[in-house]
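Hi,

Here's the structure I said I'd pass on. Have a look first, and my notes follow below.

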Amino acid sequence: MPQEFKKQYKEILKQYTLSQTEHNLYEGQNVSRQLIQKSISPEEVISIHKASLEEIIPGLPEEVLHSFDFLIEVMIRYGLALKEHQTLIEKQQNFKMEMDLATNVQQTLLKTKIPNMNGLDIGIISVPAKEMNGDYTHFLSNENAIGIAVADVIGKGIPAALCMSMIKYGMDSLDGPETDPVVVLDIINRIVEKSVSDSMFISMFYGTYDSALSEFTYASAGHEPPLFYCAKSGEFKELQAKGLLLGVIPNVRYEQHSIVLEKDDFIVMMTDGVTECRSKEGFIDQKIILSIIESVKDKPAQEMVEYVFHKLEELQEFEQRDDFTLVIFKKSL
Amino acid sequence: MPQEFKKQYKEILKQYTLSQTEHNLYEGQNVSRQLIQKSISPEEVISIHKASLEEIIPGLPEEVLHSFDFLIEVMIRYGLALKEHQTLIEKQQNFKMEMDLATNVQQTLLKTKIPNMNGLDIGIISVPAKEMNGDYTHFLSNENAIGIAVADVIGKGIPAALCMSMIKYGMDSLDGPETDPVVVLDIINRIVEKSVSDSMFISMFYGTYDSALSEFTYASAGHEPPLFYCAKSGEFKELQAKGLLLGVIPNVRYEQHSIVLEKDDFIVMMTDGVTECRSKEGFIDQKIILSIIESVKDKPAQEMVEYVFHKLEELQEFEQRDDFTLVIFKKSL
Amino acid sequence: MNMKSSVDIISEWDIVAARQLGRNEAKDAGFGTVDQARITTAISELARNIYLYAGKGNIEIKQIVEGNLKGILVIASDEGPGISDVRKVMEDGYTTSGGLGAGLPGVKRLMDDFKIETVVGDGTTIIATKWLR
Amino acid sequence: MNMKSSVDIISEWDIVAARQLGRNEAKDAGFGTVDQARITTAISELARNIYLYAGKGNIEIKQIVEGNLKGILVIASDEGPGISDVRKVMEDGYTTSGGLGAGLPGVKRLMDDFKIETVVGDGTTIIATKWLR
Ligand SMILES: [Mn+2]
Ligand SMILES: [Mn+2]
Ligand SMILES: [Mn+2]
Ligand SMILES: [Mn+2]
């Protein structure tokens, strides 16, 4: 196969030895592109070069010809590295396909339906940093209440995704959305503690909204505190609730608190992928994040979360470092 | 940096142009090894070669020197491919680390304790073909009974591993080992059907051994039939039980059968990774597999499964194509 | 400035003109043969991308000084369709047009700094610099 | 046979002797310069592995004929520690001794057929063939 290129190569090399124009070098690079696509290894290129040169300039000094033999010997290893590269590219493409499939499976496994409730406007966005999402959200609902779990596995990628399936099955075993948040966290904590290696931890928030009382009751296992926006005062406050990360010890005491929402009040739940957004200059200040949220407070909840994501994406110059999850519960009536 | 190699390269090249010995070529390859380790790109090698040659042979024809400039231009793309290779190697190493972590998580998540029961000798081996195991085994037990689930996700690797976590949580929700095999399969089938995409199927076998009656009751969802070895007759028979794969439709009728074990009788449960072992000549005949098992029938169950695995590994020339799982229940008293 | 420092890319021949300009400027700035060839190859790829994907555009080449660093700055701009997925285009090992090691990741490797600005429907500007060491 | 067709590998100089033998046989069998260099590099790697990891061993080189195919057969054998994880040693991209592209995967690539037999504690035999085309 190298032979078919030999004639072409010789012709262009000859042109270039006669006239050192940019055009001839450009032709040279076009041949180079073809050579590399046809997997001609660099030592073969040197061999073609030597043979061409011998024909173009008859009577070359012996030493020059020997020097090319030496160069061929030196180039063999470069040829090997190139072949190895081709194998690795193939492997990487196979891996890509496997990851795509795995991501699909994960999405089907963990899909959660956003419930409909009169008077409560819900917005949700969850975007993974790598292929697979290590953040997890899950809704439970009936006519009276909506439960929301937001969790973040410490770590990203495949190991995190595997861990998360655990929370899903724990959630599925619950009785209903009104289960006390401290009970929910206790159940999930026992499952996680039992089945997960010591190096894997999960932060989790559970909140349940009672539509009759307009009351939101919540507890947290070391999770990013949600923000509560009071429409009347126009101010944000953090909903603090103490509690250890899931999976550290089997018996944990979680705190449970409640807050009553008035019309247009909203709660912003999130993972640390939101609060730990970084621009080139460092962390993006919480004040900036709050002002971004406030600027769209009158929009529907879904528009709000999407706007905040895009705005923060921009500020980070499109380099997302962590999984990003944002959920808004807004009392609309 | 290329400069430090220049002197060395020139010296060896000079030696070679004077005397074309194998020893000088060997030195050339040693330099080549160093060049490639220091990320000297091939176009730089050509440049070093040209400069060295100019000094070794003064008054080289102009065309020869031009020809090297042309060769540098051609080699630039080879240099790029090499740099790309270095990036890809790094990426692959990161991926390896992630997979190792994921495999650990999976092992912790899916670990199952082999139960102890007087009169029943249990052996189990499960070896993945790739990093992660797409075969799944799970024991349930109390004083009266031992339940065993053997499942195989169609497909291997990460997507299969994710699917399997589902079965685990289904199994955890069961009441006890004596649950009727058809009920077990029905429960797991509903979970799988609900949460898994249409392209993912799982074959599963569930059997439960009643120690008082020495009776083994079983059902299968499209799984490889177990083998029953009758010590009295010295013969094997397949334990057939009809039933559709998990995840196809929500309502499936599974068949349930029972068999009573006498002393030294045993049951061999497995995945298709065992029966579909291939050597270079094609599938390994079932007769061969049966004779391998029979040859160690008097050994403890755990020694049996390990022996069969190693024997089949050898016959396949150590190229394992599918996850391999083998479980033996042997009545020892 | 006694040299045309910019080339409009309209036909394939303009790729050669951009290369020539780049090689001259690189030589003039004091780059060695290998680096001249690298800068030229980067310009060649950028010009070829414009020619193939945007139809037309412009390559501007400047010698620059920053502190006591001298370098070559290349600006490739077009009003073509833009790049919808920059992450993907910058990924390694994806044989887009040029095969192994080529494309924009190749340009990035051949140069020292590399910046891309693109708006779908509006066009693309790529700014790449190589410093003299 | 008028040539010594086997070289004991004891010192580093024996690597050169094995290379020389390989190159002569390859040339004699009709291989071109590039393939001569490839066969020699493969032999060099095998001999170097013996020297570094087994201490001593042997390289045997034969010209062979199979039907109307001519080729070169290389047998590298040692009674060294053996290889406990063949899969890993044959994996790409792992910088073991020789760096990028080298090691046994490199030998496999340089030749056409490659077979490895190894027993931990007993030694390793590698048989590699290259056919003349
Ligand atoms: Mn996380
Ligand atoms: Mn996070
Ligand atoms: Mn499988
Ligand atoms: Mn299987």
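Between chain A and chain B there are zero salt bridges, counting a side-chain nitrogen of Lys or Arg within 4 Å of a carboxyl oxygen of Asp or Glu. Bear in mind that this is a predicted model, where local features need pLDDT of at least 70, side-chain atom pairs count only at pLDDT 80 or more, and totals for chains, interfaces and linings use all residues. On bookkeeping, residues are numbered from 1 along each chain as its sequence is written, chains are lettered from A and ligands numbered from 1 in the order in which they are written, and side-chain values use heavy atoms, with hydrogens and water left out.

What does hold across the interface is twelve residue pairs in polar contact, both residues at pLDDT 80 or more.

The area buried between the two chains is about 6,600 Å², and carbon and sulfur atoms give 72% of that. Buried area here is the accessible area (1.4 Å probe) that two parts lose on being put together, summed over both.

Now the metals. Asp152(A), Asp272(A) and Asp322(A) coordinate the manganese ion (ligand 2) through OD atoms at 2.1 to 2.2 Å. Donors are N, O and S atoms within 2.8 Å of the metal (3.2 Å for Na, K and Ca), and water is not among the atoms, so sites may look incomplete. Along the chain, the spacing of these donors is D-x119-D-x49-D. Ligand 2 sits 3.5 Å from the manganese ion (ligand 1), and Asp152(A) coordinates both. Asp152(A) is in strand β3 (residues 145–153) and Asp322(A) in the loop between α9 (301–315) and β12 (324–331) of chain A, so this pair ties together parts 170 residues apart in sequence.

In chain B, the manganese ion (ligand 4) has Asp152(B), Asp272(B) and Asp322(B) as its protein donors. Ligand 4 and the manganese ion (ligand 3) are 3.5 Å apart, with Asp152(B) coordinating both.

Cheers

Definitions and conventions
A polar contact is a pair of N or O atoms within 3.5 Å; within protein, one must be able to donate a hydrogen and the other to accept it, and residues adjacent in sequence count only if both atoms are side-chain atoms. Helices (H or I, at least four residues) and strands (E, at least two) are DSSP runs, numbered from the N terminus.
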